[in-house]
Structures are given as C-alpha cells and as structure tokens.
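I set out here what I looked up in this structure, entry by entry. The model comes first, and my notes follow.

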Amino acid sequence: MSVSSAAPGAPLPVVLAGARGHGRWHVENIRRLQAQGLVRLVGICELTPLTEDEFGGALPEQSSDFGALLDSTGARAVVICTPIPTHTALALTAAERGVHLLLEKPPAPSYAAFRRMADGVAAAGVACQIGFQSLGSHAVPAIRDLIAEGAVGRVTGIGGAGAWVRPEAYFRRAPWAGRRRLDGVDVVDGALTNPLAHAVATALALAGSTRAEDVAGIETELLRANDIESDDTSCVRVTTAQGGSVTVAATLCAERADEPYVVVHGTSGRITFWYKQDRVLLQRADHGPEELRFGRTDLLENLVAHLRDGSPLLVTPEETGAFMQVVEAIRTAPDPSPLPDDAWRRVPGEDRRVVPGVDALVAAAAERLSLYSELGAPWARPAHHRLPKEVSTR
C-alpha cells in the first residue's frame, strides 16, 4: 500500500462527508487536530449546505457532489459519516481518486457491499480506517496481553452488554433510521449493527476473532418494542473458528441508561472493559480487584500517522470482516419480531418505550453467554441459526 500522500510537517487536507448528526463530533475532532497542525479541513460534502451559524465559524468549500469536491479541494483524506447505504459508493469514489479514508461504522449494510468496498480500496492502494473508535483504546492490547499471560486462566467465553435508552424521535431522525431496507436498498440499522456495534466489534477483538474467516457460526434473536422495521432489543452469539463463544446483548429500551461493556470470562477470573470510558476491572483468584485506566489513540490521528510515517492502521477493513459477518447474519435473519403489547410500556413525558426487566436480561446474557430465549424471556423466540457460507478473504 502506498502511504506517501502526506508531506512531512504539512497538514493533511481533509474533506468531511456528513457534517450533521454524528458528523458534528467529527467536525470538532478535525478542529482539534487542525489546531495541532495535523490536518486542514478543506471541504464539506452535504446535500444541504451548512450555514456559518450551524458550523460555528467560517466554512470551507461545500458541495453535494462528492467526487467533484475531492477534485476541487485536492483532498488527500476524507472522513465519511453518511447514511449506511452510501458508504460503499463513497468509499470507492474516494479510492478511485487516491484519497485515503476514515469510514464510519458499520462499514457497509451487507457483506457483499463490504467486500466490494474492501477489495476496491485495496486495489486502489489507499489507506482505509474503519471508525470503531473503541478499538483505538489502549485497553484492547492490554487485555489481549492479560489473556495471553493467563491472568484469568483459560477463557471460557466473552460477553457484551449494552443497555441504552432512545426516544421514539431517534427513529425518526432520518429516513433510513430504524430501517432494514429503504427503497429496495439494504440499510440494516439495528441496535447491534449501529448504535451498539462497538460492543460487538470490541468483543470480537478481545476474542482474537476479527476477520471474516474467524467466524464459524452465528445465532441471532432480533426483536423490537418500537414501531420500526429494525431491531431495538437483540442478542447475537458468535461461535469462532477456534471454538470460542462471543455473546452480545443490546437494547435501546432500557429502564435506565448504563455504560456498555465487554467481559472476558476465565476459569480463574474475569476482565470487564467499559469501552467508552477506557476503564478495565481485573478480578482474579487470590488477588484483590484491580481497576485500570487507559488512554486512547484517535483513529483519524492514527490515519495521519500512517500516511506520514507508516504507523500501522488500528482498524483496517479486513479486521472488521467478522463484524460484517454478524451484520450479514442480522440482514438475512427473519425480520425482527414485535414485542407483545404487554412486554413494553411508554415512559410518561419521555417519548420512549421501555421493556421492563430488559436491563437485567442484557446483563445476564453477557454473564451467562446466553440468548434471551435461553434466559426465559417470555417474548423471545428461539435463535435463528446461521453458518456463514465460504467467504473470500481477499
């Protein structure tokens, strides 16, 4: 891969595609790196141009024509934070122009689209970072080292839990929100594939099973309390090629919002990782509990370092292949089942739906590596099993 696109010391010219919604976080992050002289924001691609008030200052060049904007600005890198179905086409448009990219998660709505993107990027010789920010946490390699050292004995499985709250308006924020498909195009905007995708990706990373060929089987249980097409309360169990088990449960209908986490279960201890906080709790036999705090490498900053001095990319497309196998299993599973009316309630004055007892179920799934139906949830149907077809790994 050619990485000679950033002149030493010169700020990297960057275009941002998608500056609203989560894109606002990228605006602030680009400003932070711009103040350090690492990047220079040269363009914003939005269908409706931003105003200076909305942007909070003087605007760079704007256009709704992504390819033309890359050409006119001379961008060497792009941050793509646009609706999920647009990711593959925009990534390939950038790659064809030799523009390196940070592509928000999930990288694509289907495994085929992901493969098309990853192969196109590789053929173009551009660098591509996938936006799983949790994988920039220094806790990830530290936990891997603890596992390798046998700190908690033999690993018996890895669980993940995400109990979040989202108002009904969250599912109306964009035409694609809460959809499995839109106008015949895959979207796959579900709890495990978008808002709590980090729990899945981080659990797979700690299991050492990040590539597509690392997945041997997938079971899904997809449900919804909200009047949407996609799932808002779901769980997945991945059987890895090395015989391990990764079980992640999530809901956007929690009674109380909690910090999502991943837990490594061992024969003589456990490691809990609250990935948004970079906080780790190590509990092991014959030792007192140890709480550890870690730093984090920003993924755009890592991309700049990769282009400047060849620093390894933290989250390459190939290292998200296993996550995309999960996305594909969810995409091809039966549509999420609506929960019975007596399984959820509205919270007065909060415009949101709650599934009573789901917080404890999510935690139990991560603790026992069990699916909702196995935990006795009366509204859960038995898992949909999927063994992935043979996948191309190039």
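**Entry 1: Phenylalanine 66 and the cores**

I began with phenylalanine 66, which, with neighbours within four places in sequence left aside, is in contact with Val15, Ala17, Cys45, Val78, Ile80, Leu90, Thr93 and Ala94. I counted a contact where heavy atoms lie within 4.5 Å.

I then looked up the largest nonpolar core, which has 103 residues. Phe66 is among those with the most contacts inside this core, as are Val78, Leu101, Ile143, Ile271 and Phe323. Helix 7 gives the largest share of this core, eight residues. Apart from it lies another core, of 26 residues, including Val263, Val358, Leu371 and Ala377.

For a nonpolar core I took a set of buried Ala, Val, Leu, Ile, Met, Phe, Trp, Tyr and Cys residues joined through side-chain atoms within 4.5 Å. Buried means under 20% relative accessible area, exposed over 50%, and partly exposed in between (1.4 Å probe, protein chains only). Helices (H or I, at least four residues) and strands (E, at least two) are DSSP runs, numbered from the N terminus.

**Entry 2: Basis and confidence**

This is a predicted model, in which local features need pLDDT of at least 70 and side-chain atom pairs count only at pLDDT 80 or more, while totals for chains, interfaces and linings use all residues. Residues are numbered from 1 along each chain as its sequence is written, and side-chain values use heavy atoms, with hydrogens and water left out.

The mean pLDDT (the predictor's confidence in each residue, from 0 to 100) is 95 for the protein, and 96% of its residues reach 70 or more. Over residues 1-5 pLDDT stays under 50, and the model has 12 contacts beyond four places in sequence for them. Where pLDDT is low, the predicted coordinates should not be read in detail.

**Entry 3: Helix 6**

Which residues of helix 6 are buried? In this helix (residues 139-148), I found Ala139, Val140, Ala142, Ile143, Leu146 and Ile147 buried. They lie on the same side of helix 6 because they cover an arc of only 165 degrees around the axis; the arc is that of the directions from the helix axis to the C-beta atoms. The buried residues of helix 6 pack against strand 7, helix 7 (197-206), strand 13, strand 14 (269-274) and strand 15 (279-284). Just after helix 6, glycine 150 takes a positive phi of about 80 degrees.

**Entry 4: Strand 7 and its partners**

I next examined strand 7, in which seven of the nine residues are buried. Two strands pair if DSSP finds at least two bridges between them. Strand 7 pairs with strand 13 (residues 261-266) in the antiparallel sense over six bridges, and isoleucine 158 stands opposite valine 264 in strand 13. With strand 12 (residues 245-251), strand 7 pairs in the parallel sense over six bridges, and alanine 163 stands opposite threonine 251.

Is threonine 251 buried or exposed? Threonine 251 is buried, with a relative accessible area of 0%. Not counting residues up to four places away in sequence, threonine 251 touches Gly162, Ala163, Trp164, Leu196, Asp232, Thr233, Val358 and Val362.

Threonine 156 is found in strand 7 (residues 155-163) and is partly exposed, with a relative accessible area of 40%. Beyond its neighbours within four places in sequence, threonine 156 is in contact with His265, Gly266, Thr267 and Leu369.

**Entry 5: Backbone details**

I found a cis peptide bond joining lysine 105 and proline 106, with omega about -15 degrees. Proline 106 is found in the loop between strand 5 (100-103) and helix 5 (111-124).

Aspartate 183, a residue other than glycine, has a positive phi near 55 degrees. It lies in the loop between strand 8 (181-182) and strand 9 (185-186), and is exposed at a relative accessible area of 74%.

Aspartate 351 is not a glycine, although its phi is positive, at about 50 degrees. Aspartate 351 lies in the loop between strand 18 (345-347) and strand 19 (352-354) and counts as partly exposed at 36% relative accessibility.

**Entry 6: Database record**

In an unreviewed entry, UniProt lists residues 142-271 for "domain: GFO/IDH/MocA-like oxidoreductase". UniProt positions are given in the numbering used here, feature names are shortened, and annotations may be inferred rather than shown by experiment. Over residues 142-271 I noted 13% helix and 36% strand, with the end C-alpha atoms 11 Å apart.
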